[in-house]
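Subject: Handing over a structure, with notes

Dear colleague,

Please find the structure below, followed by some notes that you can read with the model open beside you.

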Amino acid sequence: MDNGGMDTLKSVDVNVLDTTFSMKYADLGPEDGPVAVFVHGSPATYNAFKRLFKPITEKGVRMILPNMPGMGYTEIDKKGVYNFTSYQKAEIIKEFIKALGIRRVETMLGFSLAGHVVVRVAGDEQFDVLKSVTILSGPGTRPHRLVRPLCLIKVLGTVLYWALRVPIIGPIVARLFRPVYALLDLRGKTPESNCYSVYEGAQLRFDKCHEDLMSIAKRKLPVLLFHAEDDNFVEKEVVEENMEILGLTPDDVIRYDGIGPCSKTFPDSKLHRAVWFTKGGHRLQNTHTNVVSEQITSMVFAIRKKNL
């Protein structure tokens, strides 16, 4: 199995938002396996999950990994409708799933900023294809440390976004800004994707995230949440608020202190789960690959067994 080249990718036209996107995506694992959709953050591509490819597909899960527009594989639509908001991304993801003819998604995982995207998808009560939501190092209902002060991020994001639209100047600005993002250990596939990610962060609707989390909790939609206390971008208080809104209790949490294996396990009947690490940083799929992959596959098959 290839885990990172263009030859891995497929393409499908997605008609949404009164425009068309030629979405590049990976479809890994058995065709008849339970489906899990993985949505990357920004700046990133489907390769953000490459360490999960083998352990998850070997368990029989079909992984669908779209590449969002502007991040290096899928191009922005020619009409220029796409504006990098969580709302538009959610609409694209829903139509992308429909375009693939997928009628049931056991879980949809959102990593980092995409946490807002999958929560937006899950908050749509009419989209009953989705059976659970997984949030990996995602933000919440108030600005996290990476987008503070928000007023400054809004100005910077807007300036960068419009600068990219200016011939000659745009590419220069993108390349000049790339070292700044590298200092944050964030490296997009293209220089432009770094700038677009700032613009995306500037447009996060924290009030809408709160509404979507409330909708998920009201409908008792199954949830799996991952977080590390040493996450440099999203502080634990933000995630604790998410857990409170979702109704997660201490009995729903497994904690890893990094010293040894955790003795606690989730029974298949538990469909609301949080996995909390003392250490691991923002990219838990890389630092705790085994635990993350095991919990995702466990949740997927628990959902399928329940046949929700």
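Is Thr45 buried or exposed? With a relative accessibility of 10%, Thr45 counts as buried, where buried means under 20% relative accessible area, exposed means over 50%, and partly exposed lies in between (1.4 Å probe, protein chains only).

Residues are numbered from 1 along each chain as its sequence is written, and side-chain values use heavy atoms, with hydrogens and water left out.

How confident is the prediction?
The mean pLDDT of the protein chain is 94, and 96% of its residues reach 70 or more; pLDDT is the predictor's confidence in each residue, from 0 to 100.

The overall fold
The protein chain holds 10 helices and 9 strands, which are DSSP runs numbered from the N terminus (helices are H or I with at least four residues, strands are E with at least two). The protein chain has a radius of gyration of 18 Å, close to the 19 Å that the globule rule gives for 308 residues, so it is as compact as a globular protein of that length. That radius is taken over C-alpha atoms, and the globule rule is 2.2 Å times the number of residues to the power 0.38. Along its principal axes, the C-alpha trace spans about 55 × 40 × 35 Å. Of the 308 residues, 57% are buried, and among contacts with a separation of 6 or more, 73% are between residues 24 or more positions apart. The accessible surface of the protein chain comes to about 13,600 Å², of which 52% belongs to carbon and sulfur atoms; such areas come from the Shrake-Rupley method with a 1.4 Å probe, and for residues only the protein chains shown count as cover.

An enclosed helix
In helix H3 (residues 114–122), 8 of the 9 residues are buried, so this helix is largely enclosed by the rest of the structure. Its buried residues include His116, Val117, Val118 and Val119, and what covers the buried residues of H3 includes strand S3 (35–39), helix H2 (86–99) and helix H7 (206–218).

Thr45 is placed in the loop between S3 and helix H1 (50–57). Leaving aside residues up to four places away in sequence, Thr45 touches His40, Asn67, Met71, Tyr73 and Lys189. Thr45 and Lys78 are 33 residues apart in sequence, and their C-alpha atoms are 20 Å apart in space. Ser197, in helix H6 (residues 191–202), counts as buried at 2% relative accessibility. With the neighbours up to four places away again left out, Ser197 touches Ser42, Pro43, Met71, Leu113 and Tyr181.

Salt bridges
A salt bridge here is a side-chain nitrogen of Lys or Arg within 4 Å of a carboxyl oxygen of Asp or Glu, and by this rule the count comes to 15. Lys10, Asp27 and Arg62 are linked in a network of them. In the pair of Lys10 and Asp27, the closest N and O atoms are 3.9 Å apart. Because Lys10 lies in strand S1 (residues 9–16) and Asp27 in strand S2 (residues 19–28), the pair ties together parts that are 17 residues apart in sequence. Asp27 also forms a salt bridge with Arg62, with the closest N and O atoms 2.6 Å apart. As Asp27 lies in strand S2 and Arg62 in strand S4 (residues 62–66), this pair ties together parts that are 35 residues apart in sequence. Asp27 and Arg62 are both buried, whereas Lys10 is partly exposed at 39% relative accessibility.

Another salt bridge joins Glu211 and Lys208 (3.7 Å, N to O). These two residues are 3 apart in helix H7, and so are separated by about one helical turn.

With best wishes

Conventions
This is a predicted model: local features need pLDDT of at least 70, side-chain atom pairs count only at pLDDT 80 or more; totals for chains, interfaces and linings use all residues. Contact means heavy atoms within 4.5 Å.
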